[in-house]
Amino acid sequence: MAVLHTKAVTVILSVTVLLGLLYLSQYYRVSLSFEEKWKTVEAGSAVETTTFSQPGIDLHLESPEHRTDVVTVTPWLAPVVWEGTFNPFLLDSIYKRKNITIAATVFAVGKYIMFLKDFLQTSEEHFFVGFRVDFYVFTDRPNEVPKVNMAAGRMLTVRSVPSSNRWQEISARRMEIIQNLIEKKLQNRADYIFCLDVDSKFHGRWGAESLGGLVAVIHPGYYRDDRSRFPYERSPASNAYVAPGEGDFYYCGGAFGGLVEEVHLLAKTCRKNFEDDAKRGIEAAWQEESHLNRYMWINKPSKVLSPEYLWQDFKPKNPEVQIIRFSGVIKNYANIRPN
């Protein structure tokens, strides 16, 4: 009986020691992982959570504040960026150490050239301030591109493109031009790229919180609507088709971006789908925006920006929109579009 008791005690002690060793090893692994992350973040800075967007190097550090009035994470666990959900100083300090370059494309064709000066001037005040940024302006009026004083490390390149009698054709060519720009110029020059509408201006910070693998902006006109009201392409004959009951958010065609390689794949795919449609006499309801929404339904964005990142000036600001960062200006389309 005494022998059995001794064996039982030995077994219990052995199990206890093993569990203790396992706990210590796990504690050491977690502590080491935390230390390594913390070294990249800076000692003494408090963050709530850390998430990583593809390909595993892009951070989204949440602010100690919480937003309960808006959706801050998608069903596939991508962050939805609103004011109050990130620490701007911490994110900037991390990404500036990476020595990254951000490219930005903007199309100023025909009378849209009138919006370029405000776009460029306000971008100097708010768009990735303190970072290396290369702007690429595509226009059929290169002699009318305004001179704007740019900060050190920021560059403007003007590229000529043909004009068109239909604004739909101008819109359609964007994906092809973006694809070619990346292939011929940006693959070894830029890390991220954003494609933005020229008839817009910046009002507030647009910075490192927007960086991610594939980045989409929620359309301000539909973010409060039920999915059944989203203006997806509904013709099954089109490559942009999104079936009823499908889709996540409705995204803007006027602002999107991400890693250069991710945007290259998006532009290449959307261009091909658009051209395949054109060969069959099909034009999606909202041209490249329709194709972009189809692409992002299948290839989920790793970061989603709230409507703060492309508001509409004619809309009153809703209570949940604490800041407008970038917005489309009020305009008369009849006066600026060729058709």
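**Exercise 1.** Determine whether Glu289 is buried or exposed, and describe the surroundings of Glu289.

*Solution.* Step 1: Glu289 has a relative accessible area of 14% and is therefore buried (buried means under 20% relative accessible area, exposed over 50%, partly exposed in between; 1.4 Å probe, protein chains only). The model is predicted: local features need pLDDT of at least 70, side-chain atom pairs count only at pLDDT 80 or more, and totals for chains, interfaces and linings use all residues. Residues are numbered from 1 along each chain as its sequence is written, and side-chain values use heavy atoms, with hydrogens and water left out.

Step 1: Glu289 belongs to helix α6, residues 287-298 (helices are DSSP runs of H or I, at least four residues; strands are runs of E, at least two; both are numbered from the N terminus).

Step 2: Beyond its neighbours within four places in sequence, Glu289 touches His219, Tyr250, Tyr251, Cys252 and Gly253 (contact means heavy atoms within 4.5 Å). A polar atom of the Glu289 side chain lies 2.8 Å from the backbone nitrogen of Gly253.

**Exercise 2.** Identify the residues that UniProt lists under "binding site", and locate His219.

*Solution.* Step 1: The unreviewed UniProt entry lists His219 and Glu289; its positions are given in the numbering used here, feature names are shortened, and annotations may be inferred rather than shown by experiment. The two are spread over 71 residues of sequence, yet they cluster in space, with a largest C-alpha distance of 10.6 Å.

Step 1: His219 sits in the loop between β9 (214-218) and β10 (251-259). Its relative accessibility is 12%, so His219 counts as buried.

Step 2: With neighbours within four places in sequence set aside, the contacts of His219 are Tyr250, Tyr251, Cys252, Glu289 and Gln312.

Note on methods: A polar contact is a pair of N or O atoms within 3.5 Å; within protein, one must be able to donate a hydrogen and the other to accept it, and residues adjacent in sequence count only if both atoms are side-chain atoms.
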